[in-house]
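Me: Hi! Could you walk me through this one while I have it open?
Reply: Happy to, let's have a look together.

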Amino acid sequence: MKSKVKGLIILAVIIVAGLVYYFGFARKPETITLTGYLGGEKTGLFEDEEVTSILADRYHLQIDYQKAGSLDMISADQEGKDYLFPSSQVALELYRSKYGTPVKSEIIFNTPIVIYTHKEVSDALDQQGLITDLGNGAKGIDMKKFATMISNGTKWSDIGLDDLYGTITVSTTDPVRSNSGNMFAGLLADVLTDEGVADENNIEEVLPQLKAIFEKSGYMESSSSDLFNQFLRTGVGAKPIMAGYESQILEFAVENPDDWEQLKDDIVILYPVPTVWASHPYIALTDNGAKAIDALLDEDIQTIAWEKHGFRTGVADASADTSVFQVDGLQNVVKKVVSMPDADTMQKIIDELS
């Protein structure tokens, strides 16, 4: 009798163990690893432990990446890649013109192009009548006047900055390889035209000016994150002004609060008037790659993307709660926006600057 009871107990244990295995392990979805190219400004988000946990636990995804400029990734070897994640719809249009329609694509985040500079430079530009008050402490810079000043070869000493060498230039990433530089080139093209928007009918008129402006820049980084780090580290003498993404300063302030406390009285954010939106489209190259779109649009990931990494989510012109950042001079709503030139016009700009 005892042996029969013992046998039943053993059998029950085996059955329970089998059920635990079946429901706890056997039916657990396998984690899929995706590989692709990612714009440097988004690496902080993809390394965020909260984000990687949500991706793994809710969506059973691990997203690996290689850092690449938004335009570089379009022409890079895509063999074995599941996705591209550039920072511009122009990059998406260039992909479509080269390869056709991707498996799936979706805009995940938005962020405006801004100008970063130092207080003494901002003050000097203000004396020249280029700086405007956008409300709530936010400052704008008149891009048409500024572009004309650069194009005319105005020296730093001409605006009272005798300690700065040479003519006024804006540090950007390489506009042929990276999106922030490319978008700044598009913005310059817009404001240099009489119509205010560059297209195939007027772009030829401003290409010589654009080329001259970028030829003054010297070496240009291929990564927005690398350029921003250099701007912060080398100071006003090396990089008086740079063009980048609004998200960069917000992410830096969250991740480096002590450093930001030391820098915040010197670093000034200027919103170009007008500016352009950088939309970040995720381009799925495979069916597995397409699975990341719903994951990246997860409400919690979208919240993390804004509150920790500075990417504006949802409707582009909706008011954003900028009070979550310890950064002065932010616009809740970025209203003074112009459209980027279309892909064909941008291709002409790229060819001219190559």
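Me: Which residues are linked with Lys 308 in a network of salt bridges?
Reply: Asp 48 and Glu 50 are linked with Lys 308 in that network. Keep in mind that this is a predicted model.

Me: How many salt bridges does the structure hold?
Reply: The structure holds 13 salt bridges.

Me: What does Arg 58 form a salt bridge with, and how far apart are the closest N and O atoms?
Reply: Asp 298 is a partner of Arg 58, and their closest N and O atoms are 3.1 Å apart. This pair links distant parts of the chain: Arg 58 belongs to helix α3 (residues 49-59), while Asp 298 is in the loop between α13 (287-296) and α14 (299-307), 240 residues apart.

Me: Is Asp 298 buried or exposed?
Reply: Asp 298 is buried, because its relative accessible area is 9%, and buried means under 20%. Arg 58 is partly exposed, at 44%.

Me: What about Asp 300, which residue does it form a salt bridge with?
Reply: Asp 300 forms a salt bridge with Arg 58, with 2.7 Å between the closest N and O atoms. Asp 300 sits in helix α14 and Arg 58 in helix α3, so this pair ties together parts that are 242 residues apart in sequence. Asp 300 itself counts as partly exposed, at 34% relative accessibility.

Me: And which residue does Glu 261 form a salt bridge with?
Reply: That would be Lys 264, with the closest N and O atoms 3.3 Å apart. Glu 261 is partly exposed, with a relative accessible area of 49%, and Lys 264 also counts as partly exposed, at 34%.

Me: Switching to the surface: which residues form the negative patch?
Reply: Glu 120, Asp 162, Asp 163, Asp 265, Asp 266 and Asp 328 form the negative surface patch.

Me: Where does Asp 163 lie?
Reply: Asp 163 lies in the loop between α7 (143-151) and α8 (179-192). At 77% relative accessibility, Asp 163 counts as exposed.

Me: Now the backbone. Which residues does a cis peptide bond join?
Reply: Val 273 and Pro 274 are joined by a cis peptide bond, with omega at about 0°. Pro 274 is in the loop between β10 (267-273) and β11 (277-284).

Me: What is the phi of His 60?
Reply: His 60 has a positive phi of about 55°, although it is not a glycine. You'll find His 60 in the loop between α3 and β3 (61-63).

Me: And what about the phi of Asn 136?
Reply: Asn 136 is not a glycine, yet its phi is positive, at about 55°. Asn 136 is in the loop between β7 (131-135) and β8 (138-142). With a relative accessible area of 73%, Asn 136 is exposed.

Me: Last topic, strands. How many residues of β6 are buried?
Reply: In strand β6 (residues 104-118), 11 of the 15 residues are buried, so β6 is largely enclosed by the rest of the structure.

Me: What does β6 pair with in the antiparallel sense?
Reply: β11 is one partner, antiparallel over eight bridges, and Pro 281 in β11 is the bridge partner of Ile 107. Strand β9 (residues 241-245) also pairs with β6 in the antiparallel sense, over five bridges. There, Ile 113 stands opposite Tyr 245.

Me: And how many bridges join β6 to β10?
Reply: Four bridges join β6 to β10, and the two run antiparallel. One to look at is His 118, whose bridge partner in β10 is Ile 267.

Technical notes. Residues are numbered from 1 along each chain as its sequence is written. This is a predicted model: local features need pLDDT of at least 70, side-chain atom pairs count only at pLDDT 80 or more; totals for chains, interfaces and linings use all residues. Side-chain values use heavy atoms; hydrogens and water are left out. Patches are made of residues with over 30% relative accessible area and no salt bridge: like charges are joined within 9 Å, nonpolar side chains (Val, Leu, Ile, Met, Phe, Trp, Tyr) within 5 Å. Accessible areas come from the Shrake-Rupley method with a 1.4 Å probe; for residues, only the protein chains shown count as cover. A salt bridge is a side-chain nitrogen of Lys or Arg within 4 Å of a carboxyl oxygen of Asp or Glu. Lys and Arg count as positive and Asp and Glu as negative; His and the chain ends are not counted. The place of a charge is taken as NZ of Lys, CZ of Arg, CG of Asp or CD of Glu. Buried means under 20% relative accessible area, exposed over 50%, partly exposed in between (1.4 Å probe, protein chains only). Two strands pair if DSSP finds at least two bridges between them.
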